[in-house]
Amino acid sequence: MYASITDKLSKLDKLIGKIKEGSEEIGAILVFIGVVRGISPLGKVIRLEYEAHEKLAQNKLNEILHDVKTKYGIIDAIVEHRKGSVSRGEDIVYVVVASRYRKEGFKALIEIVERLKREVPIWKKEVTEHGYRWIEEGGSSNNKDEE
Amino acid sequence: MRIYVKFYAKIRDEIGIDHMFLDMGNNPSRLIEVIREIDRRMNKKIIEEYYVRRRLLISINDTLIDIDDDILLRDGDKIDIMPLPSGG
């Protein structure tokens, strides 16, 4: 298991290959890809700007992976999350889960993604053609004109 | 007693600075006292609002704390004040 906050995501097929070769017990591999949405309430999205408290974020991601592995008995999991500027349409985050059967894999994948969004100290600023806003938990925000 | 305080993301933008050093006198200070001192220095009631609404994360020396705990800050402590996460 590993998690990273990175300027550049790995190739997804390499992540899947890497996790698959880790155990012959794997019967299901589940993947979540977070993508920069092109439209927001402010208009056309240009990019998202990600900021993290890297040490705390890394520790929290490790804790989440450990918890989920213990809770659902999955075989392996990988999280890679971008930092810095991510343009519309680009991938933001990969979560890959390997399990013996699909059911525990789906549950584990959902829990990792939900906890990542709720607990890991990473923040995003949405920059659109009309301005920017910090996205807050639950999607609320304060709007500002773009500087 | 000197404390280093760093602000992140939206809170940093609202308060208008990246970090500050606080001199808090000779005795250890409670977290809420430090928060009020930050707002007093900045002449804006920002951090206490986040604190009252439970809309922030705080770490002390790179360990996340439960903001409801009665925390005492000591000389040389580093506090990170962060909004709630919005990653993914």
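Between chain A and chain B, 16 residue pairs are in polar contact, both residues of each pair having a pLDDT of 80 or more; a polar contact is a pair of N or O atoms within 3.5 Å, where within protein one must be able to donate a hydrogen and the other to accept it, and where residues adjacent in sequence count only if both atoms are side-chain atoms. The model is a predicted one, in which local features need pLDDT of at least 70 and side-chain atom pairs count only at pLDDT 80 or more, while totals for chains, interfaces and linings use all residues. Residues are numbered from 1 along each chain as its sequence is written, chains are lettered from A and ligands numbered from 1 in the order in which they are written, and side-chain values use heavy atoms, with hydrogens and water left out.

The side of chain A that touches chain B draws at least two residues from each of β4 (43-52), α2 (54-72), β7 (91-99), α3 (102-119), β8 (122-128) and β9 (131-135), the helices (H or I, at least four residues) and strands (E, at least two) being DSSP runs numbered from the N terminus. The residues on this side of chain A divide into 12 nonpolar, four polar and 10 charged; here Ala, Val, Leu, Ile, Met, Phe, Trp, Tyr, Cys and Pro count as nonpolar, Asp, Glu, Lys and Arg as charged, and the others, Gly among them, as polar.

Chain A brings 26 residues to the contact and chain B brings 21 residues, contact meaning heavy atoms within 4.5 Å. The size of an interface is often given as the accessible area lost when the parts come together. For chain A and chain B the buried area is about 2000 Å², with 51% of it on carbon and sulfur atoms; this is the accessible area (1.4 Å probe) that two parts lose on being put together, summed over both. In chain A, the residues that lose the most area to chain B are A:Leu56, A:Trp123 and A:Trp134, which together make up 29% of what that side buries.

Charged pairs also cross this interface. Side chains of opposite charge can pair when their charged atoms come close. The rule, which asks for a side-chain nitrogen of Lys or Arg within 4 Å of a carboxyl oxygen of Asp or Glu, finds four salt bridges across the interface of chain A and chain B, and 28 salt bridges over all chains. A:Glu51 and B:Arg12 meet through their side chains in a salt bridge at 2.7 Å, N to O; because A:Glu51 lies in strand β4 of chain A and B:Arg12 in helix α1 (residues 9-15) of chain B, the pair joins two chains. A:Glu51 is buried at 17% relative accessibility, where buried means under 20% relative accessible area, exposed over 50%, and partly exposed in between (1.4 Å probe, protein chains only). A:Glu136 forms a salt bridge with B:Arg55, and in this pair the closest N and O atoms are 3.9 Å apart.

Other salt bridges lie inside a chain. The side chains of A:Glu54 and A:Lys83 meet at 3.0 Å, N to O; A:Glu54 lies in helix α2 and A:Lys83 in the loop between β5 and β6 (84-87) of chain A, so the pair ties together parts that are 29 residues apart in sequence. A:Glu54 is partly exposed, with a relative accessible area of 37%, and A:Lys83 is partly exposed as well, at 21%. A network of salt bridges links A:Lys60, A:Glu63, A:Asp67, A:Lys71, A:Glu111, A:Arg115, A:Arg118 and A:Glu119.

A:Thr6 lies in strand β1 of chain A and is buried, with a relative accessible area of 16%. A polar atom of the side chain of A:Thr6 lies 2.9 Å from the backbone oxygen of A:Lys8.

The largest nonpolar core has 29 residues, and those with the most contacts inside it are A:Val79, A:Val95, A:Val97 and A:Ile112; such a core is a set of buried Ala, Val, Leu, Ile, Met, Phe, Trp, Tyr and Cys residues joined through side-chain atoms within 4.5 Å. A second, separate core of 26 residues includes B:Met20, B:Ile32, B:Ile46 and B:Ile47.
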